[in-house]
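Student: I am new to this structure. Please take me through one part of it closely.

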Amino acid sequence: MTAVFIDTPKRLVDVEIDGVAVRVPEGATLLDACRAQGVDTPTLCYLENLTPVNVCRVCVVEVEGSRTLVPACSRKAEPGMKVRTDSERVRTSRKMVLEFLASSADLSLASADVQRWIRSYGADPSRYGDPAPDHEAGARDAARPGEHEATSGSEAETVKQPVKYDNDSYVRDYSRCILCYKCVEACGEDAQNTFAIALAGRGFDARISTEFDVGLPDSACVYCGNCIGVCPTDALMPASEYHMRQNGTWDESRQTVTTTVCPYCGVGCNLDLHVQDNTIVKVTSPLESDVGHGHLCVKGRFGFEFVQNRATEE
Amino acid sequence: MDLRLSATVPATAEEREAVDGVLGPPESRWDGGQRTAADAHVAFGGHAARSRRHLLIPVLHAVQERVGWISPGALDYACERLTVPPAEAYGVASFYAMFRTTPSPRTVVHVCDDVACRANGAEALCEQMSKRFGDTPEGAEAARPGSANGSSANGSSANGSSANGTGVISGVTWQRSPCLGQCDRGSAALLQRAGTDRPRIALAPADPDRIRQALTDGLQPMPEPLVPGAGAAIRSDDNKDGAGGPPAPGGSAAPAPRLLARIGTVDPASLASYRAVGGYEMLRRALALGPQGVLREVRDAKLLGRGGAAFPTAVKWEAVAGNPVRPHYVVCNADESEPGTFKDRVLMEHDPYALVEALTIMGYACGAEQGYIYIRGEYPVAEARLAHAIAEARARGFLGDAVAGGGFSFDIEIRRGAGAYIAGEETALINSLEGKRAEPRNKPPFPATHGLFGKPTAVNNVETLLSVLEILRIGGPAYARIGTENSSGTRLWCLCGHVAAPGLYEHEFGATLREVIDTAGGVRDGRPLRAVLLGGAAGAFVGPDGLDMPLTFEAARAAGVTLGSGVVLVLDDTADVPELLRRITQFFRDESCGQCVPCRVGTVRQEELFARLARGEPRGDVATELKLFDDIVSVTRDASICGLGQTAASAVASAAKLGLIPGAAES
Ligand SMILES: Cc1cc2nc3c(=O)[nH]c(=O)nc-3n(C[C@H](O)[C@H](O)[C@H](O)COP(=O)(O)O)c2cc1C
Ligand code: SF4
Ligand code: SF4
Ligand code: SF4
Ligand code: FES
Ligand code: FES
């Protein structure tokens, strides 16, 4: 939460990032300290409006005296901590995390930052060989915990599978899923409190799922799309965008983004309208918005058809 | 919370009965019962129902044992009763290997093909199983889909029919299993028999005939408690009809057993028998010493945890005892699932009252009124004996409101695991106790401050707790004088694999690896030793050159190995090491919780790599593979959340160092 409290001033904590003294407020994380220092720190499962789950481990840093590397996104700065963000160990771990993800999931729609990190850390997913053939629809959802098909090792296992398209609002392309837990947090305690989706299965077969993999229309989903808003790889995508991408008409260079206020109710969430060729193609909400912190409800996110209907009737 | 339920077929009467058997009957329509007039005016459920979330796993066990799988209707009913969102409950059910979420034969036979059983013909047994139970399973109905064709790394698939809620397929299926904690008995199986009065049977040694017998006429599967070995100071375990020879006598100079003193001499079903040999005297002593006095003895004893991490027990207890937040909890970690480990099972099966007494003392010292024993689901005999011991202790005033008349109140509940090695990691265990997926928590904060239900919690291994009884018996300083300066006391070693007399052996710290193996009669049939897997799958290989290493924490650290859970898996020159390494990598892939990337994907890439090496078809050459492996080792060790990922590559990496990987030496 970014609500502004009028509070007694926080105590300050002195830490050292790559040999440089940095002072941060008590309670700040090492990631905050790195960012204050302008140190580029990759993150995948971290988002300002969600509780840190520290599962992707791409943000790890070396803290003097610690046996293992620590996740910068969730570890609180403690007085006197000496942190290295660019040691050999840190670079290797970050490279490997990116390499593991790139070799097992489709990161092609992940942000430009992610693409840059993949390059700068030298992640090379081809080291694991050719990807194994995609899974059939439902196969990963049927996997039983503690068992898996024997592997010959000649191909690299992936999470690739057909897209789940079972409702009019959005599609779930779990071939792109890096299991960052963000959508689960957004659907649950951190925003929506609907709990339509959760982690199912375990190990490499762990996946985001409704109960028994029932379709979204049968699940508790209310189509708020907050899961879409937080997904770092576009595994979750509005149907409007999905169709245009399928048809080859999606073109971000021709899109403008207009920030406005949702017209539906008195909460007044901020909306970013993504417009291409004078048509709204997607609605998002700015993370830094004090109203909804990037989260919306079904009306704000998907209820924009009436705008274009009027445009065509005129 | 409004629950949206999705099952198209509601829970059957049988399923509701199973759930209600754990939770009691529902109060109203609000939690799944009949609608009453009052329902329109008063809301039940809410916080009261959600506070019972921790009962989700016991409820799932009840349904699984009754009908053989968790159907959508049964899950919905459990969710209604506990106000848990179905997606979350499905996430829990699909995490644990003993639960099935698709229609399944009522009988599932799990056959161990893990590291130790491998040395005792597990492959041959699996082949026989395919023949006997594979394509024409006995007692199966025609509708049974799938068959045991060995197509998946962990055995047969009984899938194939859709989860349409139409019910259960009766019949038998079998599958391969990771270590079942019976490694000293030659070969091991676990039978899940839903809908019977003995829904879980541990069978060892196992062969198709005995399995069939157990399925049809309820063969008494476990050997009866040991008769004491003839004056043996160091006693072998109950491998009566196992592959090994007779228990090795400990020789006249051998010290008296401490942890194993009562094994085989006390009736595990009789409190009187336990008390006749001094049982519950240590609790009296503890009450006389006071909580601070107990903490002092444990500190003076320099006791280090026996669960694998070797953490000072006193530090943990003092942190919990001194925490002003209430209540406090104490937990005994009896999830023992490290491949090759069976010590805690032996202790619990043969000396259950001792664990109950020790946990009571722990609760007293830590200021807790509630203790839990989290025991792996594959240990039905140990669980039953513990349950009996707890009930009897309660009846005799050793548990309850005024323990031993001593004015403190304490009780113990058993919670059963459901097939997940990771649930033995202490923060994952705590999540599992709370009714969640056994995903480890990030540390800090540690359980001593934020443990079970967010309260101060101490977690200890079974062997650690039994050591506390010995500490109180002889006094902390005296205990510290046993063993070495930095490794005090005695330790149990799980001798298994190609060893003459597999079993559980107790030694003072400082005995060398060679001595420990020699006490068990040395390598089976006098064959040459190839290597020892020390500490389990998360441990390390030691070559014949390392046999003179004293088994102490400090010597292990210096040698870059670990004592782990006390596994001494002996491998002779016939061992198929590359295949063994591949099996170890398969284990970690299967048991990773999947939470963090280094472990979730790293264990897959590691298994693929060792599958290539086992087939003798490296990508590029072996040197290229080992370079890739180096990177995998780095990221899993450095960046994983918990000990599983951090040690997933340890054993295979140590094998590489010892030159046990073919082709590696040349490169
Ligand atoms: C993957 C994993 C599995 C573990 N399994 C067990 C187990 O089955 N039993 C156990 O006592 N400790 C196990 N541990 C160690 C526990 O986390 C914890 O350190 C231990 O229960 C503390 O008790 P102790 O101090 O008495 O050893 C495991 C640790 C990891 C990382
Ligand atoms: S759209 Fe909203 S309710 Fe539906 S799964 Fe996503 S976050 Fe949950
Ligand atoms: S679907 Fe997206 S947000 Fe959800 S876990 Fe996968 S990558 Fe993360
Ligand atoms: S290291 Fe493995 S088992 Fe541990 S939290 Fe990460 S994925 Fe789970
Ligand atoms: S961003 Fe820190 S662990 Fe994912
Ligand atoms: S029971 Fe088979 S290896 Fe332990």
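Tutor: Start with ligand 3. It has 13 residues around it, and A:Cys177, A:Ile178, A:Cys180, A:Cys183 and A:Cys231 come nearest. A residue counts as near a molecule or strand if one of its heavy atoms lies within 4 Å of it. By class, this shell holds 12 nonpolar residues, one polar residue and no charged ones. Ala, Val, Leu, Ile, Met, Phe, Trp, Tyr, Cys and Pro count as nonpolar; Asp, Glu, Lys and Arg count as charged; the others, Gly among them, count as polar.

A word on the basis. This is a predicted model: local features need pLDDT of at least 70, side-chain atom pairs count only at pLDDT 80 or more, and totals for chains, interfaces and linings use all residues. Residues are numbered from 1 along each chain as its sequence is written, chains are lettered from A and ligands numbered from 1 in written order, and side-chain values use heavy atoms, without hydrogens and water.

Now the sheet in chain A. Three strands form an open sheet in the order E10-E11-E12, with antiparallel pairing. E10 and E12 (279-284) of chain A stand at the edges with a single partner strand each, so one side of each has no neighbour in the sheet. Strands (E, at least two residues) are DSSP runs, numbered from the N terminus. Two strands pair if DSSP finds at least two bridges between them. Five bridges join E11(A) to E12(A). A:Asp272 has A:Thr284 in E12(A) as its bridge partner.

Last, the loop between E10 (255-261) and E11 (270-276) of chain A holds A:Val267. A:Val267 is exposed, at 53% relative accessible area; exposed means over 50%, buried under 20%, partly exposed in between (1.4 Å probe, protein chains only).

Notes:
Helix = DSSP H or I, 4+ residues; strand = E, 2+ residues; numbered from the N terminus.
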